[in-house]
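Consider the structure shown here.

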Amino acid sequence: MSVGEALRLAWQGLLANRLRSGLTMLGILIGVGAVILLVAVGNGASIKVQNQVQALGSNIVYIYPSSTKAGGVSQGFGSGSTLTQADVNALNDRSQAPDIVTAIPVAQASGNMTWQNQNWFAQTTGSTQDFAQVRAYDIKTGAMFTAADVTSSSKVVVVGQTVVDNLFQGQDPVGQQIKINRVTFTVVGTFASKGSAALGNQDNVAVVPITTAWNYLTGGRGKNISQIVIQATSADTVKAAQTEATNILLNLHQVADPTNPDFTSQSQQDILNATSQITGTLTVLLGAIAAISLVVGGIGIMNIMLVTVTERTREIGIRKAIGARRRDILLQFLIESMVLSGLGGLLGIAAGWLIALQIGSIKIAGGTLPQPVVSIPSVLLAFGVSVGIGLFFGIYPANRAAGLHPIEALRYE
Amino acid sequence: MGEIEVQALRGIDLQIVEGEFIAIMGASGSGKSTLMNLIGCLDTPSEGTYLLEDVDVAELDDDSLAMIRNLRIGFVFQSFNLIPRSTALHNVEMPLIYAGDSAQRLERALAALDLVGLADRAHHQPSELSGGQQQRVAIARALITEPAILLAEIMRLLTRLNEQGRTIVLITHEGDIATFASRVVRLRDGLILSDDRQVPREPAGAEAPSEQAAAEAVS
C-alpha cells in the first residue's frame, strides 16, 4: 500500500470520528501552541535585551580600573583610579591603535539638579565632545558641546529626555540655566530618547565637559577617570581594538604580570554574550515546560489509537483476509496516528502564533510586554516533533493491529 | 477455548483439481469453517500438509500467505465482511491496492461492479446497500484480482463463474444449494463422511449468457 493510500484511509478514519479526533488533536494543539508561544516570548525578551545592549553604542569596548585594596579589604569593582588622561591620549594614537576610532574618558558625578522651583536627580557624566557619537546618542535640539568647551572647562550641559521631561515641564531647555550641585550650567542641547529601560534608564543623563566635571563636580578626587569608552572602526575590528587597547595600557602602566593588570576591558560583545546566555536559558526553560504538555498530548494519541485498533479489529481481519500484509496494516495505523498529531501540530502552530502576535499589545506597568518573536526553526521543530510524537506513540497500537491473527480478528464482534 | 484441545479436523485427505465446483457440507461444528480457513490460507495446519498449486503453505511466511490470499484466492463470506464507511467502489478496489497494482485500478473496480450490476451504487457505503447488494459487492471484490480459487459461503453467481473455468469451493450446510456443485464433500466431526461426484442441477438463468442477464439473475 502506498503512503498516498494510507493518507486517504487515515483521513477517512479521522472524519469517521470527528469529535474524538478533534479532542485528541486538542492535546497536541495545546502542547505545540504552548511551545511556540513560550519560545517566542523568550525570544522576544532576548531580542529586547540585545537591542538595549546595542543601544549602549556601536562597537564599543569599555576599560575599567581594577578594584583596589585598602588594608587588605577590596574596595570593589572599578574602585581604583588607575586610568589617566595619558591613557586616553595613547589610545587615540592611530599609529598604535589603527582599529580604534576614538577613545573617550568618562568621569561620573552624581548631582542633584534644579531649575527654577523644580529639582531632579540624574547621573552627571563628564566626557568629551565625542561622547554622543561613541555612546550612540542623537542630538534632538541644540548641539553637543565642543572641543573648545572641553579645553576651556565651560559650564555647559547636554541633558537626556528624562531630565527634560521632569525638570523643564514642557519648556524648551536649550539656553536655560540649571544648577548641578549648586553650580550653574547652561543647557546647550538635548539627547533624543533611547526609549529602553531594562539596563537602567539611558535617558536620565546629563553630560558636561570632563574638565568641567573635574573642576566643579567630582570634588577633591582630582582628574579621576572612572572608565574609558573605546569605539572600534567596525563590528569586525572590536576584538582587535580590544587587544590593541589592552597592549597599550599594559605597556603604559608597566604591568609586570599581564594576567593581573590594573584595569579590565569588556566589549559590548562580552555583555551581549552574558545577557544572551541568561535569556537563552530562560527560553529553553519555558520551552521545556511547554514540552511536557506535548508528551501528555502524545499519550492521549496513543490511548485513542488503541481504542481505534480495538474498534476496527474486524476491519483489520477483513483487510488481512483479502491480502493486506503486516506492514500494510502497520503503515495504515501509523499514518493515521501521524496525521492526527501532525494536524494538531499545525493548528497548534497557528494558535501559538496568533496569540504571540497579540501579546505585544498587552499593557503592563511601564509600557507593553516585549513583542514575542516566533522563530521559524521553532515552528519547523514543533511540527517535526508533533509528527514524531504521532510516530512514537502510534508504534505500539499499530504494531498491535498488524500483529492480529486474521481468523481471530474476523471473529471479533 | 478452555483446557480441552479440540481437533477441528482429523485425517482429512482431500484433493481438489483445477476447474472443479466442489461443495463442502456439514453441520455446525463439523470442521468446515476450519477447512475453509486452511484452503484460504488464513490458517496453516498444525499437523499434516496443505499443498496449494504444489506449494506447501506451511513453509511460507505471513507476507507470502497474504500475497496468496490477495492474488490466488477470493473470499465471499457469509456475512460479506465489507469494510464499513468505505464506498462499494473502495471495497472492490482494495485487493488491488494491497497487490500494489495501480494500473487502471478504478476502471477495473468499476467494471467489476458493473459485472454484478452495481455500477450506479459505486459511491454508496455498505450501510446504504441492501443485503443482496452487499453480497454482490463482496463477489465483485473476490473476483477483482481474478483468483484461481473462489471460496464462497454463499451460492449466487457461482455456477456461471465455474463455467468460466474457475475453481470454486462452496462451504454450506444447505443440501439444496450443494446440488448445483459437481462434487459434494460431507464432513462430520472433523472427518470426511462422504465424497461424491454428481451431475449438477442447472441453475435458473444459466441459459442467459449475457453479463447483464447474469447480473440480473443474482439480484
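What follows goes through these topics in turn.

This is a predicted model, in which local features need pLDDT of at least 70 and side-chain atom pairs count only at pLDDT 80 or more, while totals for chains, interfaces and linings use all residues. Residues are numbered from 1 along each chain as its sequence is written, and chains are lettered from A and ligands numbered from 1 in the order in which they are written.

Between the chains, 19 residues of chain B are in contact with 17 residues of chain A (contact: C-beta atoms, placed from the backbone, within 7 Å). On the side of chain B that touches chain A, helix H2 (62–71) and helix H3 (88–99) of chain B each supply at least two residues (helices are DSSP runs of H or I, at least four residues, numbered from the N terminus). H2(B) gives the most, with 6 residues. By class, this side of chain B has 10 nonpolar, 3 polar and 6 charged residues (nonpolar: Ala, Val, Leu, Ile, Met, Phe, Trp, Tyr, Cys and Pro; charged: Asp, Glu, Lys and Arg; polar: the others, Gly among them).

Within chain A, helix H11 (residues 326–359) and helix H12 (residues 376–402) pack with their axes 7 Å apart, at an angle of about 150° (axes are lines fitted to C-alpha atoms over the stretch in contact, and angles run from 0 to 180 degrees between N-to-C directions). H11(A) and H12(A) are therefore roughly antiparallel (an angle over 145 degrees). The residues of their contact divide into 20 nonpolar, 10 polar and 1 charged.

In chain B, 11 of the 13 residues of H5(B) are buried, so this helix is largely enclosed by the rest of the structure (buried: 20 or more other C-beta atoms, placed from the backbone, within 10 Å of the residue's own). Among the buried residues are B:Arg136 and B:Arg141, as well as B:Val137 and B:Leu143.

Conventions:
Contact = placed C-beta atoms within 7 Å. Parallel < 35°, antiparallel > 145°, perpendicular 65-115°, else oblique. Buried ≥ 20, exposed ≤ 12 C-beta atoms within 10 Å, placed from the backbone.
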